[in-house]
Amino acid sequence: MTEKVVTLDVRSIPPWERHPKIFETFDNLKLGETLMLINDHNPKPLHYEFIHEREGQFEWTSEEKGPREWVAMIKKVK
């Protein structure tokens with residue numbers, strides 16, 4: 001069985017709308033599904049927000065793909 005990945009590219013979304021949209025998308029995932037977040041900067045502040053707001057509910061990896069492209073894989077585990 002292949003794990004479902006939901007892609008969300010927030011680069012065209014105004015900055016003040018990004019985190020609410022990201023959390024809404026994550027909250028709508030089913031257990032075991034992954035949010036692939038594409039952003040124009042390092043999502044480290046968002047990662048800290050996830051640790052605070054969704055502690056124990058996710059697994060997180062992120063990687064810089066280019067000068068203005070960061071990809072974070074956020075898997076729902078609880």
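Tutor: Gladly, let's start with a helix. In helix 1, Arg18, Ile22, Phe23, Thr25 and Phe26 are buried.

Student: What makes the buried residues of helix 1 line one face?

Tutor: Seen down the helix axis, the buried residues of helix 1 fall within an arc of 160°, so they line one face of the helix. The arc is that of the directions from the helix axis to the C-beta atoms. Buried means under 20% relative accessible area, exposed over 50%, and partly exposed in between, with a 1.4 Å probe and protein chains only. On the face turned away from the buried side, helix 1 carries the exposed residues Trp16 and Pro20.

Student: Where do these values come from?

Tutor: This is a predicted model, in which local features need pLDDT of at least 70, side-chain atom pairs count only at pLDDT 80 or more, and totals for chains, interfaces and linings use all residues. Residues are numbered from 1 along each chain as its sequence is written, and side-chain values use heavy atoms, with hydrogens and water left out.

Student: How do you know that the length of helix 1 agrees with what its residues should span?

Tutor: The rule for the expected span is 1.5 Å times one less than the number of residues. For the 13 residues of helix 1 (residues 15-27) that should give 18 Å, and the end C-alpha atoms are 19 Å apart, which agrees. Helices (H or I, at least four residues) and strands (E, at least two) are DSSP runs, numbered from the N terminus.

Student: What covers the buried residues of helix 1?

Tutor: The cover includes strand 1 (5-9), strand 2 (34-39), helix 2 (44-53), strand 3 (58-66) and strand 4 (69-76). The protein has two helices and four strands, and from the N terminus on they run β-α-β-α-β-β.

Student: What makes the pairing of the four strands mixed?

Tutor: As a general rule, strands of a sheet pair through backbone hydrogen bonds, either parallel or antiparallel. Two strands count as paired if DSSP finds at least two bridges between them. Here four strands form an open sheet in the order 1-2-4-3, with mixed pairing. Strand 1 and strand 3 are the edge strands, as each pairs on one side only. Neighbouring strands of this sheet are turned by 15° against each other on average, direction ignored. Now look at each pair. Strand 1 and strand 2 run parallel and are joined by five bridges. Strand 2 and strand 4 run antiparallel, with six bridges. Strand 3 and strand 4 are also antiparallel, over eight bridges, and a hairpin joins them through two residues.

Student: Is Thr34 buried or exposed, and why?

Tutor: Thr34 sits in strand 2. At 3% relative accessibility, Thr34 counts as buried. Leaving aside neighbours within four places in sequence, Thr34 is in contact (heavy atoms within 4.5 Å) with several residues, including Val5, Leu29 and Ile74.

Student: And why is Glu69 called partly exposed?

Tutor: Glu69 lies in strand 4. The relative accessible area of Glu69 is 28%, which means partly exposed. Not counting residues up to four places away in sequence, Glu69 touches Arg11, Ile38, Asn39, Glu63 and Glu64.

Student: How do you know that the radius of gyration agrees with a compact globule?

Tutor: The globule rule is 2.2 Å times the number of residues to the power 0.38, and the radius is taken over C-alpha atoms. With 78 residues a compact globule would be near 12 Å, and the protein has 12 Å, which agrees. Of those 78 residues, 36% count as buried.

Methods
Axes are lines fitted to C-alpha atoms, for helices over the stretch in contact, and angles run from 0 to 180 degrees between N-to-C directions.
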